[in-house]
Amino acid sequence: MVAPSDMRVIWLLLVAAFVAILNETTMGIAIPHLNTDLGIPPELGQWLTSAFMLTMAIVIPTTGFILQRFTTRQVFIAAMSAFSVGTLVCLIAPGFAVLLLGRVIQAGGTGIMMPLLMTTIMNVVPAQSRGRMMGRVGLVISLAPAIGPTLAGAVLETMSWRALFAIVLPIALVSLGMGIKWMTNLGETRDVPIDVLSIVLSAIGFGGVVYGLSQFGGEGESGGATTGVIALVVGAVGLALFVWRQLVLQRGDRALLDLRVFRTSNYTISVIVMAIVAMAMFGTLTLLPQYLQNVAGLNALQAGLILLPGSVLMGLLGPVMGRVYDARGTRVLLIPGTLMISAALFFYATVGETTAWWLLVISQTFMSVGLAMSFTPLFSSSLGSLRRHLYSHGSAALNTIQQVGGAAGVALLIVVYSSVLHAGEQQGLETAAAGAPGARLAFLIAALISLGAVALSPFVRKPADDVDAQFAGGH
């Protein structure tokens, strides 16, 4: 059983993570309004999302170090304070530059929150109950993106974009106040030295890759592809040097991100499947609204309502899937879950201008159930395969790869869709007729990639309840 004081800490972290992700997912719909209100071009407005993703990609890899060096209470208060300050800055921002600064400060707090939540669960929840708790993490990851765009759309119909930050700020401040009062320290800290070169290389590597991918996944403004290629090359070199630096430092237990987590095959396979699932989820959630509005001819509200039932169901199923995982293990969920994701993507590869809206609702709901069946066993089995002292590094690596996988999915699907769309328009086709084959091809590529997750899912197993004892026994 989890102690009541520990359970209270987990609930505080769940609420904080929900608020942070809710904030992250409201901005996509708000950007067109911001462009108009602030009088800025779309490529500049897009930086409000790109800068947020960049900051997250830089912060998350450092959380393995942060969560070892500082106490749970210190990290939570610092993260929620940063998030609250960033939200306040956004609320009162007189112009674009200050608003962008506020988004960067927000992202600094957001990037710490998910690794902190997952590492805390691994440290205080007994192995036999972790699935149920990770199911609640799945609920947060699913429900916040479902509510975010719908909430933003409703608010922006009647109020200014500042109202989005005005809604989030009091919730963040209440969460911070509750944390100051009730947050206790879980686990032990170590006096780990900080390696500045690793932070620089991490920022160049992960930041370069995510920024490069976001250039391809943007609206295709001129010069985006060239900038994207340069950023990806710089990012790849930075990543290679970062990996080399960590391999050197971890000999003395001084790595910023300890890559020994990848020596555990169950963790590595789980993370690869997670990256593929993240590509499918984020790519689809970005491309579907474009298909629904440009090809199927729906408005923004109708497109949001088609996505909503599946996302809400996905969130509500998280804890249920957690109980099934605790009782029955990994394969009973993950194998059918990845098959359902793949089947939905293959269906999307057949859509056109006249596809019935109710078929899209069924398909998206079907895919969302598959995602719910996949996330909980992947979170639980990946981190559960590691020894206790590697939990924070495993969580940091998992969340980083999920971010990069999501960015890659968005970039790939949007580039394929956009290139076919523009080629069709140049031939004189209407937007709907030009976009339909682009959407089909993009979803077909995503469906083929998803077969990798289907193939690997039987190899993910539920780890032993006491991994440390298993290692000590020489297994």
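1. Thr-119 touches Leu-67, Tyr-391, Ser-392 and Ser-395, leaving out residues up to four places away in sequence; contact here means heavy atoms within 4.5 Å. Thr-119 sits in helix α6; helices (H or I, at least four residues) are DSSP runs numbered from the N terminus. Thr-119 counts as buried because its relative accessibility is 7%, where buried means under 20% relative accessible area, exposed over 50% and partly exposed in between (1.4 Å probe, protein chains only). A polar atom of the Thr-119 side chain lies 2.7 Å from the backbone oxygen of Pro-115.

2. A note on the basis of these values. This is a predicted model, in which local features need pLDDT of at least 70 and side-chain atom pairs count only at pLDDT 80 or more, while totals for chains, interfaces and linings use all residues. Residues are numbered from 1 along each chain as its sequence is written, and side-chain values use heavy atoms, with hydrogens and water left out.

3. Helix α6 (residues 96-124) packs with helix α5 (residues 72-92) at an angle of about 155 degrees, and their axes are 7 Å apart. Axes are lines fitted to C-alpha atoms, for helices over the stretch in contact, and angles run from 0 to 180 degrees between N-to-C directions. The angle therefore makes α5 roughly antiparallel to α6; the classes are roughly parallel under 35 degrees, roughly antiparallel over 145, roughly perpendicular from 65 to 115, and oblique for the rest. The crossing of α5 and α6 is left-handed, a term for a near helix turned anticlockwise from the far one by less than a right angle, with right-handed used if clockwise.

4. Residues of α5 in this contact include Phe-76, Met-80, Phe-83 and Cys-90, and those of α6 include Leu-99, Arg-103, Gln-106 and Met-113. By class, the contact of α5 with α6 has 15 nonpolar, eight polar and one charged residues. Ala, Val, Leu, Ile, Met, Phe, Trp, Tyr, Cys and Pro count as nonpolar, Asp, Glu, Lys and Arg as charged, and the others, Gly among them, as polar.

5. Asn-23 belongs to helix α1 (residues 4-38) and counts as buried, at 2% relative accessibility. The side chains of Asn-23 and Gln-106 make a polar contact (3.0 Å). A polar contact is a pair of N or O atoms within 3.5 Å; within protein, one must be able to donate a hydrogen and the other to accept it, and residues adjacent in sequence count only if both atoms are side-chain atoms. Apart from neighbours within four places in sequence, Asn-23 is in contact with Phe-52, Phe-83, Arg-103, Gln-106, Phe-165 and Val-168.

6. Helix α11 (residues 265-294) and helix α14 (residues 357-384) pack at about 155 degrees, with axes 10 Å apart. That angle makes α11 roughly antiparallel to α14, and the crossing is left-handed. The contact of α11 with α14 has 17 nonpolar, six polar and no charged residues.

7. Met-134, in helix α7 (residues 130-158), is buried, with a relative accessible area of 0%. Residues up to four places away in sequence aside, Met-134 touches Met-118, Ile-121, Met-122, Thr-376, Phe-379, Ser-380 and Leu-383.

8. Asp-253 lies in the loop between α10 (224-249) and α11. Its phi is near 55 degrees, a positive value in a residue other than glycine. Asp-253 is partly exposed, with a relative accessible area of 39%.

Conventions
Helix = DSSP H or I, 4+ residues; strand = E, 2+ residues; numbered from the N terminus.
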